[in-house]
Amino acid sequence: MEIEKLAPHIEEISRALGGKLSDEQIAEELQKYVDVYKLSIPVAKKTIVKKHGGDASEVSAGFQRKLVELRPSDPNVDFVAKVLSANTKEITVKGEKKSIIYGFLGDDTTTLPYTAWEIEDLTLQKGEVISVRGAYTKEYQGRVQVNFGNRVSIKKEDPSVIGDIQIAQGPPKIVTVSQLRESMGFVEIKGRILSVDSREVSVQGQAKNVWSGIIADETGKAQFSAWSDFKLKPGDVVRISKATVKAWRGIPQLTFDDRADLTKVMEKFPSAEELQQTGVSMVSEIAAMGGAADVTVRGVLVEIREGSGLIMRCPECKRALQKGTCKIHGRVEGFPDLRIKAMLDDGSGAVGVVMNRELTERLMNITLDESMQKAKESMNFDVVKDAMDDSLTLKLVTASGSITSDQYGLSMIVKDAQMAKVDVKEEAERVLVELEAQE
Ligand SMILES: [Zn+2]
């Protein structure tokens with residue numbers, strides 16, 4: 001993103017932080033969040049302000065976004081769009097009859113459904129261009145829905161602001177698994193079903209069946225949910241058209257229902273075994289996706305974090321105790337456990353990893369009993385963490401699991417981990433050199 005485009009946002013962040021950061025520092029962070037971590041500008045702004053102790057609500061006040069940039073569950077969105085359709089309907093809310101307007105909006109990026117819930121002074125006509133402040137969004141079946149509530153302000157604009165819009169969504173975008181992104185509209189994807197299970201869920205009080213599992217291609221794996229029975233079996237290679245993408249904690253997932261076209265494909269395609277071990281992903285790719293299911297990353301452990309080593313857990317709730325005390329259950333007789341909390345950096349980005357006792361025992365080549373013994377001998381619990389600092393820092397590790405993201409970055413609950421079988425020192429130095437080169 002060009003720096004001129006960021007200028008008004010930098011000014012806003014600077015104001016919200018009371019001049020705590022220089023404009024250059026803000027610009028650098030903003031560019032990193034937008035260009036590297038692929039956050040939307042509003043989220044990036046809030047994240048920066050929060051991170052530096054400011055009041056994030058000061059930057060939430062709107063500025064316009066394209067419809068394709070709207071995310072579900074956003075309490076405050078501003079945009080300019082053309083009214084593609086406007087239908088009035090009588091509904092009953094809490095015993096009272098009221099009118100709503102619903103239909104589709106469009107701009108040059110996409111079309112979205114909308115509903116206007118408070119329409120006392122509002123008229124909407126097909127073909128009008130409106131600038132909207134203070135709308136909110138929800139998600140329904142993987143698609144963003146725009147809502148006009150009582151805080152919305154709508155201004156009619158010159159219709160020439162937005163030209164002709166194709167109401168039809170156009171052909172679905174043909175994508176690979178690694179290209180899946182939230183709210184990208186209809187997609188078409190080819191992949192092999194690695195697993196599928198059906199279960200019953202309750203959707204708005206109604207029991208529905210959903211078939212979910214893992215679909216994979218050469219670029220990666222993704223969770224899918226099918227809301228209609230396509231008779232999917234593990235091993236099937238399928239082309240799915242008119243699926244949508246939604247995200248769970250940042251991990252893109254494929255969703256499709258009976259609107260989708262699904263065909264079984266006979267073309268040559270990598271086997272399930274080959275796809276299961278799809279190679280190593282780069283953290284930057286995963287950051288760009290916002291997360292990923294069942295991936296493998298390889299990097300150096302750049303920091304062994306507090307809370308690593310020999311810990312005591314609450315027998316009731318399994319939380320780690322702080323000085324013999326559980327946050328919920330107070331002073332308890334804890335039981336010992338081992339874990340590693342660390343930052344893994346592969347030169348393209350970093351992910352926080354958490355490893356359980358079994359993985360810790362394997363990587364440290366020490367058992368829980370032996371760790372307890374050591375701690376007792378030295379009368380110090382920290383010896384195990386100290387040993388981790390010495391033996392794991394800058395070691396190259398391959399870790400597999402699902403990666404999720406939140407405002408603090410990416411994190412992985414590691415399902416499997418190995419010390420990488422390469423010349424560790426050389427590889428670690430290579431990664432570090434690359435890290436420094438990027439500074
Ligand atoms: Zn407890």
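Modeller: One term before we start. A residue is buried if 20 or more other C-beta atoms lie within 10 Å of its own, exposed if 12 or fewer, and partly exposed in between. Keep in mind that this is a predicted model.

Biologist: Okay. What share of the residues counts as buried?
Modeller: Of the protein's 439 residues, 30% are buried.

Biologist: And how many helices and strands?
Modeller: Nine helices and 22 strands.

Biologist: What about contacts between residues at least 24 apart?
Modeller: Take the contacts between residues at least 6 apart in sequence. Of those, 60% join residues at least 24 apart.

Biologist: Let's go to helix H6. Which of its residues are buried?
Modeller: H6 spans residues 357-364, and its buried residues are Leu359, Thr360 and Leu363.

Biologist: Where do they sit around the helix?
Modeller: They line one face of H6, because they fall within an arc of 100° when you look down the axis.

Biologist: Why would residues a few places apart end up pointing the same way?
Modeller: An α-helix has 3.6 residues a turn, so residues three or four places apart point the same way.

Biologist: What covers the buried residues of H6?
Modeller: The cover includes strand S19 (335-345) and strand S20 (350-355). Helix H8 (382-392) and strand S22 (409-419) are also part of it.

Biologist: And what follows H6?
Modeller: Asparagine 365, with a positive phi near 55°.

Biologist: Which other residues have a positive phi without being glycine?
Modeller: Aspartate 294 is one of them, at about 55°. Lysine 323 is another, at about 50°.

Biologist: Where are those two?
Modeller: Aspartate 294 is in strand S15, residues 292-304. Lysine 323 is in the loop between strand S16 (309-313) and strand S17 (325-326).

Biologist: How does aspartate 294 count, then?
Modeller: Aspartate 294 has 19 other C-beta atoms within 10 Å, so it is partly exposed. The cut-off for buried is 20 or more.

Biologist: New topic: threonine 88. Where is it?
Modeller: Threonine 88 is in strand S2, residues 87-93. It counts as partly exposed, because it has 13 C-beta neighbours inside 10 Å.

Biologist: What does threonine 88 touch?
Modeller: Ser99 and Ile101, leaving out residues up to four places away in sequence.

Note on methods:
Residues numbered from 1 in each chain as written. Predicted model: local features only at pLDDT ≥ 70, side-chain atom pairs only at ≥ 80, totals over all residues. Helix = DSSP H or I, 4+ residues; strand = E, 2+ residues; numbered from the N terminus. Contact = placed C-beta atoms within 7 Å. Arc of directions from axis to C-beta.
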